[in-house]
Structure formats: C-alpha cells, structure tokens
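Hi there,

Here is the structure I promised to pass on.

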Amino acid sequence: MSQTKGLEGIVATQSQVSSIIDGVLTYHGYNIDDLADNASFEEVVYLLWNNRLPNKEELDAFAKELAQASKVPDAVLDQLKSFPIDKVHPMAALRTAVSNLALFDEEADEMEEEANRRKAVKLQAQLPTIVTAFSRIRQGKEPVAPKPELSFAANFLYMLNGEEPDEISEKAFNKALVLHADHELNASTFTARVCVATLSDVYSGVTAAIGALKGPLHGGANERVMAMLNEIGDVDNAEAYIKEALANKVKIMGFGHRVYKNGDPRAKHLREMSRQLTEITGESNWYEMSVKIDEIVTNEKGLLPNVDFYSASVYHSLGIEHDIFTPIFAVSRVSGWLAHILEQYADNRLIRPRAEYTGPDKQEWIPLEKR
Ligand code: ACO
C-alpha cells in the first residue's frame, strides 16, 4: 500500500472536464495549445461548465451574466477592510472572503442544479472583485467597480490598477487565465470534489479548494518563484545559487510535476510570454535568469518547469504585486473547481478512501492516575 502515498497514480474519479493523456492537456477534448492561442477566458469557462464551446450569442449572454454578477456584498468588502491587512496574505483573505460570501447568499445551501449554476456564476465573477479590492484596500485606495463592457481579463487588470490595460497586457493575461483554468484532478480540485461529495454547498467546496491551492507545493509556488528570482538577482548568480540549493536538497519552486514527467505543456506558452513581456518592459533579466535556471535544473536534476515557473516573470512584467500571483491562479482555477463541483453533484457518491493502519496493536487501557 505504500506506493499509494500521495495517491500517486490512483484514478479516483471519472471526469469529462479535462484530461492529461500522454503529456497532452485538453479541456473537454480541446488541446490546451489551441485554447491558449485562440480562446477568451469566458469561452473556456463556458466550455468547462457546459462541455461545449458557446456560439457568439451564447458567449455574449454568458459574458454579460458574469459582468452583472461581479458586485460583492458591501458587508464582505467591509470585512476585508477589518482584516489586519499588513499581515494577512491575500490567499488567506480570499479564503475567508469566499466563505463569507455564502453568508450573504440566500441560496447558499440550495442544491438544485440551477441554483448551483447561479452560485457558480457569482463565484467566478466575484473572486476578481475580492482579490483586486483587497490589493487596493491595503494600499489605502478605494476598490474600483468593474466595467461591464470590458473582457474578464481586462476587467481584472482594470479593477487592480484603476486603469484599462493595453491590448498586449489584456491578451497576455487572458492567455494566462486560459492556461490555469483546469487541470484534471490536481490537489485543489480533488479537495473541492471531496468536500462537495458530502453534499456540502458550493461555497464550502471553493473555500476548501482555495486552502489547498495556497500551499507552496501547488499554487503557492508562483509567488515563491519570484522570491527566488529576486534573491538570485542576476543571471550570473543563477548557477551557483541553484547548484547549492540542489546540493542541500532544497526544492526549486516551479519545477517538477506529479503527472508530467516530460514537461508541462503550459510552460512553453508562459515562457514565450515572459520573453515578449520582459522585452517590452525593458527587464529581460527576469527572462534570461529564468531560462538559465531552467537549463541548470533540467541538466542537473532532469526536472522541467511547470506552469508556475514562467508565470512569475509574466505577472511581474504586468506590474502585479508578487503576493497576488496565487490569488490570480484562484481567479482562473475557480472555473475548473466549479466545473468539477457541478460534475460531482450530477453523479455523486461520497469520497471516502481507506488508510493502512501503521500504529500499535491491541493496547491495554491504563487509567488516568496510573499514566
Ligand atoms: N526541486 C528539486 N528537486 C525536486 C523538485 C524540485 N522542484 N521536485 C521534485 N524534486 C525531487 C524530489 O526531491 C525527489 O527526489 P528524491 O527522489 O531524490 O528524493 C524527486 O524529485 C521526486 O519528487 P517528489 O516530491 O516525490 O515528487 P511529487 O510528485 O511528490 O511532487 C511536486 C511534485 C510537488 C510538484 C514537486 O515537484 C515540487 O515540490 N515542486 C516544487 C513546487 C512546485 O513547483 N509546485 C507547483 C506544482 S504545479 C501546480 O501545482 C500548479
């Protein structure tokens, strides 16, 4: 049973949402490369939730529905203001705020499919509002209300910065959202499915998933990649830094993957975006340092970059604060969590595996006074 540590290689459910087969990632059969090059994030969300691409009319209606649902109850925003904001990580703030959203949604515990779909729209639309509001509040600025006429990607950057993004930034951010939207039974998605398989509510499933994404072995890696790049500081320092870290058995953030052993198909898109964006910002050093680290880790350890590695320099180039990187992952991945939650409800069975017991056998009870 010890081979099952970390459930490696275990097929724990069936799903139509996305697949990783022979290192190829698809969302409901559509190759991630095609989606990254062509799809809007809204189209991808529609695909994940409906198992088909929308036509123009359906997409327009869906984008409008999302835009109309983006307002977060004032009480939830007020609560954000009451957090010890200079100490709280935005992922912790997001986790708590999403849990709070349930308290202000009268249909939080309604289990009908239509009610769950309405909650999915609200969560998808409101996560960006929460993340951007928190970022602004802690800078002493007022949250910016979304503009319904902007795309999902543009709106996020607009609410974050208070200025509409240029076309290149909007396209790059849209692509990053598309690439992060779903990923089969990753840790946070599994968490969401386990939670709702008890017939708990959608908000609980998403709150649990945010908790799982937060960890450095999952979504939390992208922020730590940027911390490492900052620490290395210059491409000439990369070799010594990485070799020493590997010699000390320190894990290099943004490398390795439980499922992909021949490379993460999302990484090449982010690498190219990093190249382009750092050239535009005049900070190619981040890209060059990343490429150098990539070469060294690959040569020394045979490990390839995952989705988190080049996304760090991409988000940095878009002017995003480093601790907002993982919340952005959540803003995208909530689409996948919700697709899996809806799929779980549609054909539910409690998820309850077993554990191999390794503790002592047949212990004799000792009364308290004799211990
Ligand atoms: N740096 C250095 N060594 C590594 C790394 C790494 N990033 N990743 C794996 N290894 C080594 C391990 O030390 C281990 O070596 P050993 O056999 O000599 O002890 C071997 O490779 C196998 O590693 P595991 O940790 O057992 O692999 P696992 O499948 O459990 O973990 C994981 C996968 C968590 C992604 C791991 O590669 C890792 O910690 N990477 C760094 C964190 C990271 O980038 N996380 C983001 C993943 S993608 C995502 O969630 C979006």
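**What I found**

Helix α5 (residues 90–103) packs with helix α10 (residues 202–213) at an angle of about 175°, their axes lying 9 Å apart. Before going on, please keep in mind that this is a predicted model: local features need pLDDT of at least 70, side-chain atom pairs count only at pLDDT 80 or more, and totals for chains, interfaces and linings use all residues. Residue numbers start from 1 along each chain as its sequence is written.

A few conventions for the helices: helices (H or I, at least four residues) are DSSP runs numbered from the N terminus. Axes are lines fitted to C-alpha atoms over the stretch in contact, and angles run from 0 to 180 degrees between N-to-C directions.

The helices α5 and α10 are therefore roughly antiparallel to each other (angles over 145 degrees count as such; under 35 is roughly parallel, 65 to 115 roughly perpendicular, and the rest oblique). On the α5 side, the contact (C-beta atoms, placed from the backbone, within 7 Å) is made by M91, L94, R95, V98, S99, L101 and A102, and on the α10 side by Y203, V206, T207, I210 and G211. By class, the residues of this α5 and α10 contact are eight nonpolar, three polar and one charged. Here Ala, Val, Leu, Ile, Met, Phe, Trp, Tyr, Cys and Pro count as nonpolar, Asp, Glu, Lys and Arg as charged, and the others, Gly among them, as polar.

Another helix pair is α6 (residues 113–137) and α16 (residues 325–346), whose axes come within 9 Å and cross at roughly 170°. That makes α6 roughly antiparallel to α16. Among the residues making the contact are L123 and L127 of α6, and V331 and L338 of α16. The residues of the contact of α6 with α16 divide into 12 nonpolar, three polar and no charged.

**The annotated positions**

Which residues does UniProt list for "active site"? The unreviewed entry gives H257 and D308; such annotations may be inferred rather than shown by experiment, feature names are shortened, and positions follow the numbering used here. The two are spread over 52 residues of sequence but cluster in space, with a largest C-alpha distance of 10.6 Å.

H257 lies in the loop between α12 (238–247) and α13 (267–281). Leaving aside neighbours within four places in sequence, H257 is in contact with D264 and N306.

D308 has its place in helix α15 (residues 307–317). D308 is buried, with 29 other C-beta atoms within 10 Å. Not counting residues up to four places away in sequence, D308 touches A221, N222, V225, M253 and G254.

**Around helix α15**

The axes of α11 (residues 221–232) and α15 come within 8 Å and cross at roughly 70°, and α11 and α15 are therefore roughly perpendicular to each other. D308 and A312 of α15 are among the residues making this contact, as are A221 and N222 of α11. A312 is buried too, with 27 other C-beta atoms within 10 Å.

Lastly, 18 residues surround the ligand (C-beta atom, placed from the backbone, within 6 Å of it), and the closest are A221, I252, F255, G256 and R258. The shell around the ligand has seven nonpolar, seven polar and four charged residues.

Best wishes

Technical notes: Helices (H or I, at least four residues) and strands (E, at least two) are DSSP runs, numbered from the N terminus. Two residues are in contact if their C-beta atoms, placed from the backbone, lie within 7 Å. A residue is buried if 20 or more other C-beta atoms lie within 10 Å of its own, exposed if 12 or fewer, and partly exposed in between; C-beta atoms are placed from the backbone.
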